[in-house]
Amino acid sequence: MTSRLTRRQRRRVSQGVQYAVFVAAVVAVAVMADWERLRNQFAQRALAEELFPEIVTTALRNTVVYTVSGFVFGLVLGLVVALMRLSSVAPYRWVAGVYIEFFRGLPALLIFIFVGVAVPLAFPGTEIPGGTYGKVALGLGLVAAAYMAETIRAGIQAVPKGQMEAARSLGFSHARAMVSVVIPQAFRIVIPPLTNELVLLFKDSSLVLFLGVTLDERELTKFGRDLASQTANSTPILVAGLCYLLVTVPLGFVVRRLEARTGKAG
């Protein structure tokens with residue numbers, strides 16, 4: 001008479017099969033891959049050493065500047081759009097809704113092309129302040145603001161209504177209560193998703209190459225592509241990718257810690 005497996009035993013057998021399949025796949029990749037060709041194309045140590053310090057002092061620095069400027073612009077604009085979205089004035093809500101749907105629906109690449117080509121054509125003789133840095137801040141910020149606005153709106157609505165009522169009972173006007181009481185609490189709630197948006201912006205900064213930057217304005221992706229073309233080797237692209245990870249991995253860890261802390265506080 002065949003004995004039937006318990007639920008725990010079936011689960012262990014299933015996990016064992018999954019581990020076996022995973023190990024088999026890793027071994028198959030390790031055996032079939034041509035590691036020598038990969039090393040020659042992506043891991044030339046001498047070529048990687050030649051990228052320093054310029055890849056850090058120019059490319060990584062520009063990437064960080066582009067990201068921070070876009071994030072700050074997007075955060076300010078996103079807060080304004082979020083407040084418009086919650087306004088009792090219907091036209092404000094309509095404008096905010098159209099903005100959010102428009103910029104969330106378009107690829108970021110098209111926004112960069114719009115900023116770099118359409119704006120100068122629409123306003124002849126005008127220049128966006130800051131040159132390339134201003135264009136990048138505008139392009140990244142317009143996209144980020146659409147997502148941040150919904151995040152901030154959700155954070156404001158998550159603050160208990162009693163906080164506003166308590167502030168009004170103390171003599172605060174509605175605007176002062178929002179600025180002094182509600183919005184600070186909302187930002188504490190939405191810090192994790194905003195930090196995650198910062199990570200996404202850091203990667204989206206690679207779209208700067210479509211604006212036609214100079215050598216001193218190159219970010220990591222443009223820097224890696226240019227050097228890869230000059231050397232006919234992909235090592236610069238790999239090093240640029242590692243520089244991205246140098247920033248995104250710690251930021252991802254911060255996001256997880258903030259989410260865990262927020263979860264415990266809730």
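## Salt bridges at a glance

Across the whole structure, a search finds eight salt bridges; a salt bridge here is a side-chain nitrogen of Lys or Arg within 4 Å of a carboxyl oxygen of Asp or Glu. Side chains of opposite charge can pair when their charged atoms come close.

Before we meet some of these pairs, a word on the model. It is predicted, so local features need pLDDT of at least 70 and side-chain atom pairs count only at pLDDT 80 or more, while totals for chains, interfaces and linings use all residues. Residues are numbered from 1 along each chain as its sequence is written, and side-chain values use heavy atoms, with hydrogens and water left out.

## Pairs within helices

Let's start in helix α5, which covers residues 90-105. Helices (H or I, at least four residues) and strands (E, at least two) are DSSP runs, numbered from the N terminus. Arg104 and Glu101 form a salt bridge, and their closest N and O atoms are 3.5 Å apart. Why are these two separated by about one helical turn? Because they are three residues apart in α5. Arg104 has a relative accessible area of 32% and is partly exposed; Glu101, at 49%, is partly exposed. The words have cut-offs: buried means under 20% relative accessible area, exposed over 50%, and partly exposed in between (1.4 Å probe, protein chains only).

Is Glu150 buried or exposed? Its relative accessibility is 15%, so Glu150 counts as buried.

In helix α10 (residues 220-231), Asp226 and Lys222 are four residues apart, which means a separation of about one helical turn. These two form a salt bridge, with 3.4 Å between the closest N and O atoms. Asp226 is buried, with a relative accessible area of 18%, whereas Lys222 is partly exposed at 23%.

## Two helices packing

Two packed helices are described by the angle between their axes and the distance between the axes. Helix α7 (residues 132-158) packs with helix α9 (residues 174-204) at an angle of about 140 degrees, and their axes are 8 Å apart. Here, axes are lines fitted to C-alpha atoms, for helices over the stretch in contact, and angles run from 0 to 180 degrees between N-to-C directions.

Who makes the contact (heavy atoms within 4.5 Å)? On the α7 side, the residues include Leu140, Ala144, Tyr147 and Met148. On the α9 side, Met178, Val182, Ala186 and Phe187 are among them.

## A nonpolar patch and helix α11

Val29, Trp35, Leu38, Phe42, Leu238, Leu242, Leu245 and Val249 make a nonpolar surface patch of about 740 Å². The elements giving two or more residues to this patch are α2 (35-42) and α11 (235-265). Helix α11 contributes the largest share, four residues. Patches are made of residues with over 30% relative accessible area and no salt bridge: like charges are joined within 9 Å, nonpolar side chains (Val, Leu, Ile, Met, Phe, Trp, Tyr) within 5 Å. Accessible areas come from the Shrake-Rupley method with a 1.4 Å probe; for residues, only the protein chains shown count as cover.

Leu238 lies in α11 and, at 35% relative accessibility, counts as partly exposed. Arg261 also has its place in α11, and its 58% relative accessibility makes it exposed. The C-alpha atoms of Arg261 and Pro192 are separated by 9.6 Å, although these residues are 69 residues apart along the chain.

Methods: Contact = heavy atoms within 4.5 Å.
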